[in-house]
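Let's learn to read a few features of a protein model together. Have a look at the structure first, then follow the conversation.

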Amino acid sequence: MSGVWVFKNGVYRLVENPGDQHQSIRRKALVHLPSGQIVNSYSILEQILKGLGWERYYGGDSELFQFHKHSSIDLISLPRDFSRFNSVYMYDIVVKNPNVFHVRDV
């Protein structure tokens with residue numbers, strides 16, 4: 001059994017031959033709204049987050065990049081490998097930084 005799992009209308013389904021339906025699977029990008037810059041590396045993201053008052057948190061998990069703010073209990077946890085940075089992590093950043101970031105299709 002091979003194919004692509006697609007989430008649509010609240011349901012996951014396996015598309016065995018994505019061919020034409022592959023268009024429904026879009027890549028996402030995190031956009032910094034004030035500058036219009038697409039975040040395409042952790043160095044860019046870290047620079048923006050530092051400007052917003054976030055600091056690197058060096059916890060015990062070496063598989064994660066983590067950021068925290070002294071003024072909140074929020075923690076942003078990201079996979080160390082940027083290729084695994086997906087929309088779930090992007091939306092976490094958007095929720096914790098309202099009106100600063102946006103996720104869009106690329």
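Predicted model: local features only at pLDDT ≥ 70, side-chain atom pairs only at ≥ 80, totals over all residues.

Q: Which residues of helix H2 are buried?
A: Start with the general idea: an α-helix has 3.6 residues a turn, so residues three or four places apart point the same way. Here, H2 covers residues 87-96, and its buried residues are Met90, Ile93 and Lys96. Looking down the axis of H2, you'd see them fall within an arc of 135 degrees, so they line one face of the helix. On the other side, Val88 and Val95 are exposed.

Q: What covers the buried residues of H2?
A: The cover includes helix H1 and strands E3, E7 and E8.

Q: Which residues touch the most other members of the largest nonpolar core?
A: In soluble globular proteins, nonpolar side chains tend to be buried together. In this model, the largest nonpolar core has 18 residues, and Leu30, Leu45, Leu78, Phe85, Ile93 and Phe101 touch the most other members. H1 gives the largest share, five residues.

Q: How many aromatic pairs are there?
A: A pair of aromatic rings is described by the distance of the centres and the angle of the planes. The count here is five. Take Tyr42 and Phe82: their ring centres are 4.9 Å apart and their planes at 90 degrees, so that pair is edge-to-face. For Phe85 and Tyr89, the centres are 6.5 Å apart and the planes at 15 degrees, so this pair is stacked.

Q: Which residues form one aromatic cluster?
A: That would be Tyr42, Phe65, Phe82, Phe85 and Tyr89. Over the ring of Phe65 sits the charged end of Arg80, 4.5 Å from the ring's centre.

Terms used. Residues numbered from 1 in each chain as written. Heavy atoms only, no water. Buried < 20%, exposed > 50% of the residue type's maximum accessible area, 1.4 Å probe, protein only. Helix = DSSP H or I, 4+ residues; strand = E, 2+ residues; numbered from the N terminus. Arc of directions from axis to C-beta. Contact = heavy atoms within 4.5 Å. Core = buried A, V, L, I, M, F, W, Y, C linked by side-chain atoms within 4.5 Å. Phe/Tyr/Trp six-rings, centres within 6.5 Å; stacked < 30°, edge-to-face > 60°. Lys NZ or Arg CZ within 6 Å of the ring centre and 35° of its normal.
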